[in-house]
Amino acid sequence: YRSRWCDSRVDEFVVQLSSNVVVLVTVEGCNTEGPLGTILAILIPLVAVLIIGIVVMYIFLKPKTRDNRNAPKDPTRPICVLFTDIQASTTLWGEIPEEMSEALDVHHAVIRKLIQKHKCYEVKTIGDCFMIATADPAAGLTLALAIQDVLFDYDWGTPAFEEVYRFQTQDESPEYEYSQVWAGLRVRVGVHYGPAQIMFDESVLGYDYYGTVVNAASRIESVAHGGQVVVSKDVFDAIDATKLGYQYMSKPLGAEQLRGLPKEIELIQVAPARFANRIFPPLRLDKAAPAEEDDDIESQHSGSTVAVGSYPGTLEKEVILHPLVKKGEMSSDAAISLAYNVYYSLVAVMCMTKGEERKKILKDFCKKWHVPFDQNDKKLLSKITLKIMSSVVTLSSQGNPKYAILSQIRADGSRRSLGTAQSTRSYK
């Protein structure tokens, strides 16, 4: 510190807390002449520093808190639970990591802002999945619809997401029609309403919820598609839809027995009215759990040029029956993990090309791995994957890295596609 005597009888003490934080303490009417003045000149800045130190410690060391105002807290009342998840996030991270990194920040910011706007409660995030709760089912349904609206209206600044999604769904609709209902990240939302067990978690200073309502909401989300909102009839029964204040359309999907739930649940597809023309395949009822990836490259149209996808769930069943597992050369878990790596490497190569060029690459892969080529075979990539797995194990037994073949897959596809004029983005 430093002190100086001013003609106006004002003492100023400059306290430097850090390289860019300086505090000026001013004491009026303090005469620093004589012994008492000298003592005051020393004590005043010391006291000022002590006070400032206490304030700084309080700011930085005070207990962290959460805003729990909108959290459902009454255990006697039912709650509305929402789960959200991004379609094909694994593929997106593999194909367009830079765009996906920025998009994930946007995704989180949008959903959190809407949670606050509609007075709902963010329970937790698991990867890119949100768990949300509210005591008001109308608020929950409005939030689900708003998520679709706001994500669609956001300027993503790149066509990369559409390229991946259009390939996955084999959507060949005209660009004008497509752009009216699809843009950017596709998020699926599942919503259920019912009684829950409410607990306050001291470790995160927030509320958490347990019971069938949570499990059901999670299962409902897992069977939906990106851009689709699926709710239980319990949600509709709990609100006055005429007073929702949101223009929407609904479509009954029937009663379904979802894994781990005691009884069937009647499901309803809901969408903002502007997205009435969004077309979805049947519910993904073969999905075992919400955390499983992903939608893969399922064909939505019977007339698609090259239908190469199959659900990983189907692939998993085939891998377990593979000779490598039966011979004991690999455990079933290791085989499934390896199959996913190979499968998504193939998907990455396919996403680089379109039309005839993609078909040509597929033919080359089929020839190399001795798989009959059939452009309408939805399990074509799965069949190639199973063939490749044997070679991977053979390579590892010769001292090569187990996954060396994966880089070869990408290199094969890259060499064929990088020179293609139709390719719209570089391979990453």
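Colleague: Why does C120 count as buried?

Modeller: Its relative accessibility is 4%. Buried means under 20% relative accessible area, exposed means over 50%, and partly exposed lies in between, with a 1.4 Å probe and protein chains only. C120, at 4%, falls under the limit and therefore counts as buried. This is a predicted model, in which local features need pLDDT of at least 70 and side-chain atom pairs count only at pLDDT 80 or more, while totals for chains, interfaces and linings use all residues. Residues are numbered from 1 along each chain as its sequence is written, and side-chain values use heavy atoms, with hydrogens and water left out.

Colleague: How many disulfides does a search of the whole structure find?

Modeller: The search finds zero disulfides. For C120, the nearest cysteine sulfur is that of C80, 7.5 Å away. A disulfide requires a pair of cysteine sulfur atoms within 2.5 Å, so C120 is in no disulfide. C129 is another buried cysteine, with a relative accessibility of 11%.

Colleague: What makes the span of α3 agree with its 21 residues?

Modeller: Helices (H or I, at least four residues) and strands (E, at least two) are DSSP runs, numbered from the N terminus. The expected span of a helix is 1.5 Å times one less than its number of residues. For the 21 residues of α3 this gives 30 Å, and the end C-alpha atoms are 30 Å apart, so the two values agree.

Colleague: Which residues of α3 are buried?

Modeller: Among them are M100, A103, L104, V106 and H108. H108, in helix α3 (residues 97-117), has a relative accessible area of 15%, which is why it is called buried. Contact means heavy atoms within 4.5 Å; leaving aside neighbours within four places in sequence, H108 is in contact with G127, D128 and F130.

Colleague: Which other pair forms a salt bridge, and where does it lie?

Modeller: R188 and E221 form one, with their closest N and O atoms 2.9 Å apart. R188 in strand β7 and E221 in helix α7 (residues 212-223) are 33 residues apart, so the pair links distant parts of the chain. R188 is buried at a relative accessible area of 0%, and E221 is likewise buried at 0% relative accessibility. D85, R188 and E221 are linked in a network of salt bridges.

Colleague: Is G190 buried or exposed?

Modeller: G190 is buried, since its relative accessible area is 0%. It is placed in strand β7 (residues 187-194). Beyond neighbours within four places in sequence, the contacts of G190 include V81, L82, F83 and E221.

Colleague: What makes I39, I42, L43 and L46 a patch?

Modeller: Patches are made of residues with over 30% relative accessible area and no salt bridge; like charges are joined within 9 Å, and nonpolar side chains (Val, Leu, Ile, Met, Phe, Trp, Tyr) within 5 Å. L43, in helix α1 (residues 34-61), has 45% relative accessibility, so it passes the 30% limit and counts as partly exposed. The four residues form a nonpolar patch on the surface, with about 360 Å² of accessible area together. Such areas come from the Shrake-Rupley method with a 1.4 Å probe; for residues, only the protein chains shown count as cover.

Conventions:
A salt bridge is a side-chain nitrogen of Lys or Arg within 4 Å of a carboxyl oxygen of Asp or Glu.
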